[in-house]
Amino acid sequence: MARALPHERIQYVVEGGFKLSGEIEPSGNKNAALPIIAASLLTDQRVELSNVPRIRDVEALVELIQSVGAKVRWLGRNELEIEARELRPANLDPDLCARIRASILLAGPMLARCGEITLPPPGGDVIGRRRVDTHFLALEQLGARIEVNSVYSFRTEGLRGADVFLDEPSVTATENALCAAVFAEGTTILRNCASEPHVQDLARFLIAMGARIEGVGTNMMTIHGGQRLGGASHRIGPDHNEVGSLIGLAAVTGSEITIRRAGVEHLRSTLMTFERLGIRCQIDGDDLIIRSGQEMKIQPDFGGHIPKIEDQPWPAFPADTMSIAIVTASQCDGVVLMFEKMFESRMFFVDKLIAMGARIVLCDPHRAIVAGPSKLRAAQLESPDIRAGMAMLIAAMCAEGTSVINNAQQIERGYERIEERLNAMGARITRIPPREA
Ligand SMILES: CC(=O)N[C@H]1[C@@H](OP(=O)(O)OP(=O)(O)OC[C@H]2O[C@@H](n3ccc(=O)[nH]c3=O)[C@H](O)[C@@H]2O)O[C@H](CO)[C@@H](O)[C@@H]1O
Ligand SMILES: C=C(OP(=O)(O)O)C(=O)O
């Protein structure tokens, strides 16, 4: 049985009102690293991954793949070596599986390599109902039998290609189906699939291992399966949600920063959304420069109508950047409707922003009207999930006084050494307990 990661409780003490300056590079994308680590189980050869974010979700998934027999070694702070010569489809720690959404990503690769796997239900951010139906739909059509009790048992006598229409473009279900399909005999067509940068990154990794995949970056991928996959070296792409968080943070604190290697090709919808809030970033190659003194004026729709910022499946504005857009809008001049269509609990954290002085009306679980700008006061906060936690950190950094963010381990599920990296640019965040050297 894997050694469970401790449930450490972490607090950030944040002194507000300090401007940032300097350069920062986003970490590797959490939601790319997780499926790519899981997909490393598809080969018995050596895989080397770089730019792997050293975050809690990654540490948890690393423990899980070790518990099924993979040999894993950190070669450097962000370099991971994985060798899955022999795998056994057992011994998964239910507590660890329940902590991360990505534990479900073991289904496709383990079905492919071992023909079976039993998984306790996955966890992840508590932001509303998290469906697994699309995973079952896709894997069943690719030849798996699935029994659902208190655990999910997946079994197959042999995966085979199929023409699969996903009932929704689920990110992790697309990733599971992709891993199963590259191993399956024959051709698979995945229709209505997700195409987020992390899905594309996984596909590129699989191609580097020898898979044949067409349509990467679109909502229809064709996979010619059955190739024996080999080892590969792969660099995880930058985290566009972290870039969005840094843009919001720079704007509300009136800072001037440069985000190096920002992965500009994947930022169009993000940049467009911040422009709607009156925040313009300068693109310089793959770097982004956010100047101080942004206009911060919400751009109305034609005719002066109240504009709407809504998340949608890729390539539209990503749902995971919505909480950041909300806190940023609270510091901009004007009114905007924020519309989050996916998770019914993700917006509840706005009550904390309201308590800090933000002018927000939560209309229903999916819609909030934000009227800005408002002066924020320091507060005692509790981070419910990764992105709300980051939004609170941003609020605390532009508030007057010293705030305390409890449950900051949630933030650390997705953002690597964030207090250290922001402090290097002038922030005043104290982590309790301090990090071990
Ligand atoms: C480990 C991992 O990768 N987690 C991500 C993954 O979770 P996860 O894969 O669990 O989320 P899913 O994609 O399955 O679920 C979200 C569903 O809502 C749909 N949808 C999305 C946006 C929108 O505005 N309206 C809408 O209806 C999506 O197309 C999808 O069908 O994808 C989510 C949606 O991007 C992200 O929040 C999570 O961070
Ligand atoms: C919802 C998120 O992650 P997860 O799916 O891993 O819970 C997120 O990254 O914002």
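**Loops, ligand and helices**

Author: Start with R417. It has 17 C-beta neighbours inside 10 Å, so R417 counts as partly exposed. Keep in mind that this is a predicted model.

Reader: Where does R417 lie?
Author: In the loop between α13 (409–412) and α14 (418–423).

Reader: What about the phi of R417?
Author: Phi of R417 is near 40 degrees. That is a positive value, in a residue other than glycine.

Reader: OK, N192 next. What is its phi?
Author: About 55 degrees. So positive phi again, although N192 is not a glycine.

Reader: And is N192 buried, exposed or partly exposed?
Author: N192 counts as partly exposed, because it has 16 C-beta neighbours inside 10 Å. Partly exposed lies between the cut-offs, 12 or fewer for exposed and 20 or more for buried.

Reader: Which loop is N192 in?
Author: The loop between β10 (187–191) and α7 (197–208).

Reader: New topic: the ligand. How many residues surround ligand 1?
Author: 19 residues surround ligand 1. The closest are N31, E168, S170, V171 and T172.

Reader: Which helices supply at least two residues of that shell?
Author: α1 (30–39) and α6 (171–183) each do. The largest share comes from α6, with three residues.

Reader: What classes of residue are in the shell around ligand 1?
Author: Nine are nonpolar, four are polar and six are charged.

Reader: Why does ligand 1 lie between domain 1 and domain 2?
Author: Because both domains give residues to the shell around ligand 1. Domain 1 covers 11–26 + 238–432, and domain 2 covers 30–235.

Reader: Switching to helices. How do α8 and α10 cross?
Author: The axes of α8 (residues 240–252) and α10 (residues 322–329) come within 9 Å and cross at roughly 10 degrees. That makes α8 roughly parallel to α10, because angles under 35 degrees count as roughly parallel.

Reader: Which residues meet there?
Author: From α8, G244, S245, G248, A251 and V252. From α10, they meet I324, A325, V327 and T328. The residues of this contact divide into five nonpolar, four polar and no charged.

Reader: Last one. Which peptide bonds are cis?
Author: One of them runs from G372 to P373, with omega near 0 degrees. P373 is in the loop between β20 (367–372) and β21 (380–382). The bond from I432 to P433 is cis too, with omega near -5 degrees. P433 sits in the segment after β23 (428–432).

Terms used
Residues numbered from 1 in each chain as written. Chains lettered and ligands numbered in written order. Predicted model: local features only at pLDDT ≥ 70, side-chain atom pairs only at ≥ 80, totals over all residues. Near = placed C-beta within 6 Å. Helix = DSSP H or I, 4+ residues; strand = E, 2+ residues; numbered from the N terminus. Nonpolar A, V, L, I, M, F, W, Y, C, P; charged D, E, K, R; others polar. Domains from an automatic or database assignment. Axes fitted to C-alpha atoms, helices over the stretch in contact; angles between N-to-C directions. Parallel < 35°, antiparallel > 145°, perpendicular 65-115°, else oblique. Contact = placed C-beta atoms within 7 Å.
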